[in-house]
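The following paragraphs go through one protein model from its overall layout to a few individual residues. Keep the sequence and the coordinates open alongside the text.

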Amino acid sequence: MESPSEKATTRVPKMVVFDLDYTLWPFWVDTHVNPPFHKTGDGKVVDFRGCVVKYYPDIPKVLKYLRDINIGISVASRTGETDGAEQLIQLFGWNKYFQNKQIYPGSKDTHIKKISKKCNIKLEDMVFFDDEQRNIVVLERLGVVSILVKNGMTMPVLISGLKKFSDIRSNE
């Protein structure tokens, strides 16, 4: 019989919440690209000037992986370019992944609390990924496991964040 210390306890979050700018895509939607956006005949997403708009390469894998293992996914963004952000999410085909989107100017604690309430998921059952340290600090104060994203979301960053969540929550 295994002792408690030998037993591998793995906890997974019920919800992963992502920031958008410099987390899922490599720009600020309100300053670096020019809405409205549209798809070209060859499937590229371009802005008003015709410049191609891209997300970080691992994002489709990250979103599909989370969906496949039944972890909910939401977005929390403080951008003032709400329509542009929503349009990009739609054009990239990501709406099918997100249970909730909080995209408007304001604080991340307001965003995360609304996601929690609307999805009926406790803050301690979430993990949050963002490129800004100040947002990490704010959400850690609320008890949300938060991961600083330095060069965009990747599968290794996701796996590391899920491991951090499991390590923290398994020892509680």
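From the N terminus on, the order of elements is β-β-β-α-β-α-β-α-β-α-β-α, a total of five helices and seven strands. The model is a predicted one. Its radius of gyration is 17 Å, close to the 16 Å that the globule rule gives for 172 residues, so the protein is as compact as a globular protein of that length. The C-alpha trace spans about 65 × 30 × 25 Å along the principal axes. Buried residues make up 44% of the 172. Of the contacts between residues at least 6 apart in sequence, 67% join residues at least 24 apart.

Five strands are arranged in an open sheet, and their order across it is β5-β4-β1-β6-β7, with parallel pairing. The edges are formed by β5, residues 100–103, and β7, residues 145–148, each of which pairs on one side only. From one strand to the next the twist averages 20 degrees. In general, strands of a sheet pair through backbone hydrogen bonds, either parallel or antiparallel.

The pairings can be followed across the sheet. Strand β4, residues 72–77, pairs with β5 in the parallel sense over four bridges; within this pair, A76 has Q102 of β5 as its bridge partner. β1 and β6 also run parallel and are joined by four bridges, and here M15 stands opposite M126 in β6. Another four bridges join β6 to β7, again in parallel, with V127 standing opposite V145 in β7.

How much of β6 is buried? The strand is mostly covered, as five of its five residues are buried. In a regular strand the side chains alternate between the two faces of the sheet. In β6, M126, F128 and D130 point one way, while V127 and F129 point the other way, and all of them are buried.

V17 gives a view of the sheet from strand β1. V17 is buried, with a relative accessible area of 0%. Beyond residues up to four places away in sequence, V17 touches S74, V75 and A76, then I112 and I115, and finally M126, V127, F128 and F129.

Helix α4, residues 133–141, has N135, I136 and L139 as its buried residues. Seen down the axis of α4, these buried residues fall within an arc of 105 degrees, so they line one face of the helix. An α-helix has 3.6 residues a turn, so residues three or four places apart point the same way. The elements that cover the buried residues of α4 include α3 (108–119), β6 and β7.

Helix α5, residues 155–170, lies across β1 (15–18), β6 (126–130) and β7. Relative to β7, α5 runs at about 150 degrees. One of the residues in α5 is R169. Is R169 buried or exposed? R169 has a relative accessible area of 8%, under the 20% limit, and therefore counts as buried. Leaving aside neighbours within four places in sequence, R169 is in contact with R11, E124, G143, V144 and V145.

One of these contacts leads back to α4. G143 follows α4 and has a positive phi, near 95 degrees. The backbone oxygen of G143 lies 2.6 Å from a polar atom of the R169 side chain.

A last stop is the loop between β1 and β2 (38–39), where W25 lies. With a relative accessible area of 0%, W25 is buried. Which residues does W25 touch, not counting residues up to four places away in sequence? They are L20, K54, Y55, Y56, A85, L88, I89, F92 and W94. The C-alpha atoms of W25 and I103, which are 78 residues apart along the chain, are separated by 15 Å.

Methods
Residues numbered from 1 in each chain as written. Predicted model: local features only at pLDDT ≥ 70, side-chain atom pairs only at ≥ 80, totals over all residues. Heavy atoms only, no water. Pairing = 2+ DSSP bridges. Helix = DSSP H or I, 4+ residues; strand = E, 2+ residues; numbered from the N terminus. Axes fitted to C-alpha atoms, helices over the stretch in contact; angles between N-to-C directions. Contact = heavy atoms within 4.5 Å. Buried < 20%, exposed > 50% of the residue type's maximum accessible area, 1.4 Å probe, protein only. Arc of directions from axis to C-beta. Polar contact = N/O pair within 3.5 Å; in protein donor to acceptor, adjacent residues only side chain to side chain. Rg over C-alpha atoms; globule rule 2.2 N^0.38 Å.
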